[in-house]
Amino acid sequence: QVQLVESGGGLAEAGGSLRLSCAASGRTFSIYGMAWFRQAPGKERELVATIRWSGSSTNYADSVKGRFAISRDNAKNTANLQMNSLKPEDTAVYYCASRGSRGSSYDNWGQGIQVTVSS
């Protein structure tokens, strides 16, 4: 099992930046990929960004392309999400997740962290 803990959320003004981190522990050798999801009140959970645990392959939701950047540090077992040019619509609870293979679902989740962007 992999344990995930998010940090770095909080309040930012529109146009500002925040950086989220996800610390992985446990069976980290089993991680194939990691992702950031978010869920705003009254909305469905949205996939924000993904990254392979090895290599450099990344993917982004259209809504965050050019503003957010996902990265990983295998030595520290962390996955990060740099969020720039924040918009009020980025307000949500952000979740870190991991999966064990390319075709599997994300089955390890963090507890979530609040990001609030004021206009």
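Ala23 stands opposite Thr78 in S8, where strands are DSSP runs of E with at least two residues, numbered from the N terminus. The model is a predicted one, in which local features need pLDDT of at least 70 and side-chain atom pairs count only at pLDDT 80 or more, whereas totals for chains, interfaces and linings use all residues. Residues are numbered from 1 along each chain as its sequence is written, and side-chain values use heavy atoms, with hydrogens and water left out.

S3 and strand S8 (residues 78–83) run antiparallel and are joined by six bridges; two strands are said to pair if DSSP finds at least two bridges between them. Thr78, which has its place in strand S8, counts as buried at 14% relative accessibility, buried being under 20% relative accessible area, exposed over 50% and partly exposed in between, with a 1.4 Å probe and protein chains only. Leaving aside residues up to four places away in sequence, Thr78 touches Cys22, Ala23, Trp53, Ser71, Arg72 and Asp73, where contact means heavy atoms within 4.5 Å.

## The four-stranded sheet

S3 and S8 belong to an open sheet of four strands, ordered S1-S3-S8-S7 and paired in the antiparallel sense. The edges are taken by strand S1 (2–7) and strand S7 (68–73), each with a single partner strand, so one side of each is left without a neighbour in the sheet. From one strand to the next the twist averages 15 degrees, with axes as lines fitted to C-alpha atoms and angles running from 0 to 180 degrees between N-to-C directions.

## The disulfide

Taking a disulfide as a pair of cysteine sulfur atoms within 2.5 Å, the count comes to one. This disulfide joins Cys22 to Cys96, with an S to S distance of 2.0 Å, and the link is left-handed, with -80 degrees about the S-S bond. Cys22 lies in strand S3 (residues 18–26) and Cys96 in strand S9 (residues 92–99), so the pair ties together parts that are 74 residues apart in sequence. Both ends are buried: Cys22 has 0% relative accessibility, and Cys96 has a relative accessible area of 1%.

## Strand S9 and its partners

Six of the eight residues of S9 are buried, so this strand is largely enclosed by the rest of the structure. S9 pairs with strand S4 (residues 33–39) in the antiparallel sense over seven bridges, and within S9 Arg99 stands opposite Gly33. Strand S11 (residues 113–118) also runs antiparallel to S9 and is joined to it by three bridges, Val115 in S11 being the bridge partner of Ala92. Two further bridges join S9 to strand S10 (residues 108–109), again antiparallel, and here Ala97 stands opposite Trp109.

Ser98, in strand S9, counts as buried at 1% relative accessibility. Not counting residues up to four places away in sequence, Ser98 touches Val2, Leu4, Ile31, Gly33, Met34, Ser105, Tyr106, Asp107 and Asn108.

## The nonpolar core

A nonpolar core is a set of buried Ala, Val, Leu, Ile, Met, Phe, Trp, Tyr and Cys residues joined through side-chain atoms within 4.5 Å. The largest such core has 29 residues, and those with the most contacts inside it are Met34, Trp36, Leu81, Met83 and Tyr94. The elements that give two or more residues to this core are S1, S3, S4, strand S5 (46–52), S7, S8, S9 and S11, and the largest share, four residues, comes from S3.

Tyr94 lies in strand S9 and is buried, with a relative accessible area of 0%. Beyond residues up to four places away in sequence, its contacts include Leu20, Trp36, Phe68, Leu81, Met83 and Val115. A polar atom of the Tyr94 side chain lies 2.7 Å from the backbone oxygen of Asp90. The C-alpha atoms of Tyr94 and Lys43, 51 residues apart along the chain, are separated by 13 Å.

Definitions and conventions. Polar contact = N/O pair within 3.5 Å; in protein donor to acceptor, adjacent residues only side chain to side chain.
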